[in-house]
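Please look through the structure before reading on.

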Amino acid sequence: GLVLVTDAMAAMGLGDGEHQIGQLKVKVEKLTARLVGSNTLAGSVVTMDQCIRHFVKNVGATLVEGIEAASLHPARVMGIEHLKGTLDFGSDADFLLVSDEGPLKVLHTFIAGECVYSAPDAPQLTSTYHKHFSEK
């Protein structure tokens, strides 16, 4: 299947403006990063969830197809689908909790089953939160 990739660099998530990335000054503007004082691309600042939303909207793919193109398909290409891209028994338990309202929005990120990121506006991970999802 199709594989989505992003070449996001260290300025990803920093927003528009000038940023020092290592020894280089980079200007981020509208999801494009260029070396300051030139028209040279420094890389992308597009996140994978943005890639999935773009893919779904512009190609007409389903959300499931978009998520598989960003997770399962790359794992298959690399021959690591027994560890990544699924939540099968014995896999690494890397996964996201996303909003079920509106466009795909990452709420929480888990690596090896541990929450390593929560969006500022994400619901707290509490027993009430778990109960809410188990009732759906």
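## Lining of the largest pocket

In this predicted model, the lining of the largest pocket is made up of 19 nonpolar, six polar and four charged residues. The space inside the pocket comes to about 950 Å³. There are 29 lining residues, and those closest to the pocket centre are Ala70, Ser71, Asp94, Phe95 and Leu96.

Which elements each supply at least two residues of the lining? Three helices do: helix 1 (48–59), helix 2 (63–70) and helix 3 (72–78). Strand 5 (95–98) and strand 6 (106–111) do as well. Strand 6 gives the most, with four residues.

## Helix 1 against helix 2

Two packed helices are described by the angle between their axes and the distance between the axes. The axes of helix 1 and helix 2 come within 9 Å. They cross at roughly 135 degrees. Angles of 65 to 115 degrees count as roughly perpendicular and those over 145 as roughly antiparallel, so helix 1 and helix 2 are oblique to each other. The crossing of helix 1 past helix 2 is right-handed.

On the helix 1 side, Met48, Ile52, Phe55 and Val56 make the contact. Helix 2 brings Leu63, Glu65, Gly66, Ile67, Ala69 and Ala70. By class, eight residues of this contact are nonpolar, one is polar and one is charged. Ala70 of helix 2 belongs to this contact, and Ala70 is also among the residues closest to the centre of the largest pocket.

## The whole chain

How many helices and strands does the chain have? It has four helices and seven strands. Along the sequence, they follow the order β-β-β-β-α-α-α-β-β-β-α. Taken along the principal axes, the C-alpha atoms fill a box of roughly 55 × 35 × 30 Å.

Definitions and conventions: Residues numbered from 1 in each chain as written. Predicted model: local features only at pLDDT ≥ 70, side-chain atom pairs only at ≥ 80, totals over all residues. Heavy atoms only, no water. 1 Å grid on protein atoms, 1.4 Å probe; cavity = no way out; pocket = protein on both sides within 12 Å on 5 of 7 lines; lining within 4 Å. Points joined across faces, edges and corners; volume = space filled by probe spheres on them. Nonpolar A, V, L, I, M, F, W, Y, C, P; charged D, E, K, R; others polar. Axes fitted to C-alpha atoms, helices over the stretch in contact; angles between N-to-C directions. Parallel < 35°, antiparallel > 145°, perpendicular 65-115°, else oblique. Left-handed = near helix turned anticlockwise from the far one by under 90°. Contact = heavy atoms within 4.5 Å.
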